[in-house]
Amino acid sequence: MTIQTETKTYLNYINGEWKASDTGKTSDSFNPSNSQEILGSFQMSSANDLDEAVNAAKEAQKTWRKLSGAARGDFLFKVAAVLEEKTAYVAEAMTKEMGKTFAEAKGETARGIAILRYYAGEGMRPVGDVIPSSDSEALMFTNRTPLGVVGVITPWNFPVAIPIWKMAPALIYGNAVVLKPASDTAVTAARVVECFHEAGLPAGVLNMVTGSGSVIGQGLAEHPGVDGITFTGSNAVGKQIGRAALDRGIKYQLEMGGKNPVIVADDADLDLAVAATISGGLKSTGQKCTATSRVIVQQGVYEKFREKLLQKVAEITVGNGMEEGSWMGPVASKNQLENVLSYIEKGKAEGAELVHGGNRVTSNGLGDGYFIEPTVFDQVTAEMTIAREEIFGPVLALMKVETLEQAIELANDSEYGLSASIFTTNIGNMLEFINDMEAGLVRVNAESAGVELQAPFGGMKQSSSHSREQGRAAIEFFTSIKTIFIKK
Ligand SMILES: NC(=O)c1ccc[n+]([C@@H]2O[C@H](COP(=O)([O-])OP(=O)(O)OC[C@H]3O[C@@H](n4cnc5c(N)ncnc54)[C@H](O)[C@@H]3O)[C@@H](O)[C@H]2O)c1
Ligand SMILES: O=CCCC(=O)C(=O)O
């Protein structure tokens with residue numbers, strides 16, 4: 001029996017108004033902890049809805065860009081205050097739509113609030129440089145100009161933080177935004193957009209259109225009224241978007257997958273390394289782009305580390321994220337469930353030794369949810385699929401090496417380069433890792449996940465289009481530099 005805890009139909013947000021799609025079609029958002037439960041429904045929009053949103057954004061941006069940075073910042077401070085009041089309302093949608101625990105969802109919402117405040121302040125910070133001209137009578141300097149209308153395409157795994165870390169900088173630098181959120185978390189996105197509406201953001205400056213990736217996502221990338229596209233999601237989709245943006249000659253930014261390693265050196269603090277491997281690999285059910293996936297351990301501590309790891313993994317409680325005591329929720333969707341289980345089967349078939357978990361969890365009333373046991377493979381080798389492809393689930397692959405050089409070589413043996421961490425007490429090891437690791441985020445004695453909003457974030461190799469998000473780095477994508485020369 002399907003239980004509808006809330007029957008609300010969420011609408012698109014276009015030109016400051018909540019509007020149904022002209023298709024008349026909606027889709028339901030299901031709870032991955034109990035697939036019989038529907039959280040709400042959202043619009044399956046058309047290219048016409050998208051046109052309307054882009055046109056509204058285009059018009060609104062003309063006035064928005066003329067406001068001072070401080071005035072734009074005031075709006076973002078107000079949005080932060082509304083979101084703060086609505087933390088539980090937004091976080092509950094997140095847990096009920098994609099499964100992460102309520103504690104993690106509240107933490108992510110708090111992060112969204114902090115990001116809004118950081119970029120609100122950005123409206124008052126310097127934007128250019130004075131550069132000495134070769135003409136002593138002239139003044140030469142740089143300023144920043146917004147791109148215009150920015151298309152924001154986001155995934156489901158951080159449904160509050162990622163849209164906000166793209167929308168807040170886009171807005172503060174004077175752009176208008178059309179957001180296309182992931183369908184799996186469209187209700188959470190609508191609740192975030194409600195905060196912008198309640199804060200009184202001028203009509204058209206932010207618009208949201210929900211619907212399928214191929215119609216609305218691709219439509220945004222191809223739309224002649226869109227001047228820049230920022231995307232976070234899978235590599236396959238990211239590349240399509242990049243190609244569409246390149247064809248139109250617009251700026252684009254792609255943040256994509258990872259296959260993040262942790263190295264545990266012979267001299268590591270093993271308790272710390274175990275705790276960080278579990279937190280980095282299994283929090284959010286392993287569904288972070290920065291999640292630890294490959295655990296590369298030096299042979300001197302391999303057995304001891306493995307034993308401690310398995311002991312702690314056995315203590316993990318799997319359950320509905322809304323319930324106290326659940327450490328790990330379900331994966332986000334049926335699709336995710338099937339995908340992760342198929343990787344576990346591949347791991348077994350290719351000869352890795354399954355030493356913990358590996359099954360769907362259906363006991364204790366979890367049968368209608370998409371729960372998977374925390375899973376650990378041993379004897380994993382570099383050519384195995386589970387060592388090469390992003391699994392995006394609660395699966396750790398243990399790999400043994402003799403030397404630190406071998407560990408770093410193995411860690412770099414990946415098409416991805418998003419984040420990486422090392423556990424060692426030796427400064428020489430730390431420096432070697434920092435210098436030689438091919439990843440955009442390298443962390444020493446800390447888990448591979450954990451992005452700080454005031455620092456640049458992005459990957460190397462196939463993990464990114466090589467731009468950076470967050471912190472002051474965001475200005476590079478969301479603006480163009482204008483060089484100004486004045487002579488009296
Ligand atoms: N590098 C990072 O910062 C980062 C952060 C979070 C997630 N991710 C990556 O995101 C992936 C998981 O997210 P996902 O499953 O939502 O990714 P996805 O690529 O399936 O979807 C991302 C967004 O693109 C849209 N989309 C789908 N098909 C499209 C198309 N043909 N054209 C345009 N848009 C389309 C989706 O509707 C969604 O809004 C993982 O690979 C993860 O590593 C990366
Ligand atoms: O999923 C990608 C973002 C990861 C992140 O925000 C974190 O590790 O904190």
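How many salt bridges does a search of the whole structure find? The search finds 21, a salt bridge being a side-chain nitrogen of Lys or Arg within 4 Å of a carboxyl oxygen of Asp or Glu.

1. This is a predicted model, in which local features need pLDDT of at least 70 and side-chain atom pairs count only at pLDDT 80 or more, while totals for chains, interfaces and linings use all residues. Residues are numbered from 1 along each chain as its sequence is written, and side-chain values use heavy atoms, with hydrogens and water left out.

2. One of the salt bridges pairs Lys 308 with Asp 271, at 2.9 Å from N to O. Because Lys 308 lies in helix 10 (residues 299-313) and Asp 271 in helix 9 (residues 270-282), the pair ties together parts that are 37 residues apart in sequence. Helices (H or I, at least four residues) and strands (E, at least two) are DSSP runs, numbered from the N terminus.

3. A salt bridge also joins Asp 413 and Arg 388, whose closest N and O atoms are 3.0 Å apart. Asp 413 lies in the loop between helix 13 and strand 19, and Arg 388 in helix 12 (residues 385-388), so parts 25 residues apart in sequence are tied together. Glu 122, Arg 125 and Arg 472 form one network through salt bridges that share partners.

4. Thr 142 belongs to strand 6 (residues 138-146). Its relative accessible area of 14% makes Thr 142 buried (buried means under 20%, exposed over 50%, partly exposed in between; 1.4 Å probe, protein chains only).

Conventions
Chains lettered and ligands numbered in written order.
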